[in-house]
Amino acid sequence: MILLKTDRELELMREANRIVAIILEEIAARIRPGVTTLELDSWAEERITGLKGLPSFKGYGGRNGARPFPATLCTSVNQEVVHGIPSAATVLSEGDIIGIDVGVICQGYNGDGARTYAVGSVTPQARRLMETCRESLRLGIEAAQSGNHLGDIAKAVDGCVRAAGFSVVRDLSGHGIGRNMHEDPQILNYYDGRRGPRLKSRMTLAIEPMINAGSWEVCTLEDGWTVVTGDGSLSAHYEHTVALTDNGPEILTRC
Ligand code: MG
């Protein structure tokens, strides 16, 4: 069931997502060669709690007997797609790309957002992959209009990524969000021809294309979390939480 949010709930979600947006904005200046992903994580945890939020990924889940997620951020470098675990051993190098995913709970409501950043100067292919992913998210959000169907989001994202010659990860998707980080509906990024349910005002959706330079296939490392591309190609990830309104989608992960 897709939950529609009240005005009060939307207010609380704006606050949680505002904190997410601040982290994604401020972390940009901290991403440079020589920094470890653990240092980024420690900074983010302190900043989130300073803003009166709670990191929602820390302690989350644990699938297939895996340990719960141990950190505040997901930090996914180069061929890592999502859910990379921050580590003192992961030192960023010139030319890397890094996806940072942030989840925050504030007064019982969730915010979720992600961006991919260049570490110093990156290859033209890496740059184009990141730009394509960001553009596919923009188009996906543009399609998130009440009266449209869920499948219109997938169609917009998939069309953009295919046209650029990249591929959309199929095993992972966006999601509804609210009191729980993951609510209905599941938001596919690849288009399988299904229209899906009709979109309505007051739905809150985390739209998050994950795209690969090579094949769409991915696998999970032995840590139980880190998802990597099957062929070792680069991957990018962008995410916004949006609220559907009568006047179109409102991006909540924006400061
Ligand atoms: Mg998400």
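## Backbone geometry

Arg-202 is placed in the loop between β8 and β9; helices here are DSSP runs of H or I with at least four residues, and strands are runs of E with at least two, numbered from the N terminus. The model is a predicted one, in which local features need pLDDT of at least 70 and side-chain atom pairs count only at pLDDT 80 or more, whereas totals for chains, interfaces and linings use all residues. Residues are numbered from 1 along each chain as its sequence is written, and side-chain values use heavy atoms, with hydrogens and water left out.

Phi of Arg-202, a residue other than glycine, is positive, near 80 degrees. Its relative accessible area of 33% makes Arg-202 partly exposed; buried means under 20%, exposed over 50%, and partly exposed in between, with a 1.4 Å probe and protein chains only. Asn-78 also has a positive phi, near 55 degrees. Asn-78 lies in the loop between β2 and β3 (80-82) and is buried, with a relative accessible area of 18%. Most residues other than glycine have a negative phi, and most peptide bonds are trans. The peptide bond from Asp-184 to Pro-185 is cis, with omega near 0 degrees, and Pro-185 belongs to strand β8 (residues 183-187).

## Magnesium site

Asp-112 (OD), His-175 (NE2), Glu-208 (OE) and Glu-239 (OE) coordinate the magnesium ion at 2.1 to 2.4 Å. Donors are N, O and S atoms within 2.8 Å of the metal (3.2 Å for Na, K and Ca), and water is not among the atoms, so sites may look incomplete. The sequence spacing of the donor residues is D-x62-H-x32-E-x30-E. Asp-112, in strand β5 (residues 109-118), and Glu-208, in the loop between β9 (204-207) and β10 (210-212), link distant parts of the chain, being 96 residues apart. Asp-112 and Glu-208 are buried.

The largest nonpolar core holds 28 residues, and Leu-129, Ile-153, Leu-205, Ile-207 and Ile-211 have the most contacts inside it. Such a core is a set of buried Ala, Val, Leu, Ile, Met, Phe, Trp, Tyr and Cys residues joined through side-chain atoms within 4.5 Å. Two or more residues of this core come from each of α3 (124-142), α4 (150-163), β9 and β14 (240-245), and α3 gives the most, with six residues. Apart from this core lies another, of 24 residues, including Leu-24, Val-77, Val-102 and Val-119.

Helix α3 has 19 residues and spans 27 Å from its first C-alpha to its last, close to the 27 Å expected at 1.5 Å a residue; the expected span is 1.5 Å times one less than the number of residues. Among the buried residues of α3 are Leu-129, Met-130, Cys-133 and Leu-137.

## Aromatic pair

The count of aromatic pairs comes to one. The ring centres of Phe-69 and Trp-225 lie 5.2 Å apart with planes at 85 degrees, so the pair is edge-to-face. Rings of Phe, Tyr and Trp (its six-membered ring) pair if their centres lie within 6.5 Å; planes under 30 degrees apart count as stacked, over 60 as edge-to-face and the rest as tilted. Phe-69 counts as buried at 2% relative accessibility, as does Trp-225 at 5%.

## Cysteines

The whole structure contains zero disulfides, a disulfide being a pair of cysteine sulfur atoms within 2.5 Å. For Cys-160, the closest cysteine sulfur is that of Cys-133, at 8.8 Å, which is too far for a bond. Cys-160 counts as buried at 15% relative accessibility, and Cys-106 counts as buried at 7%.
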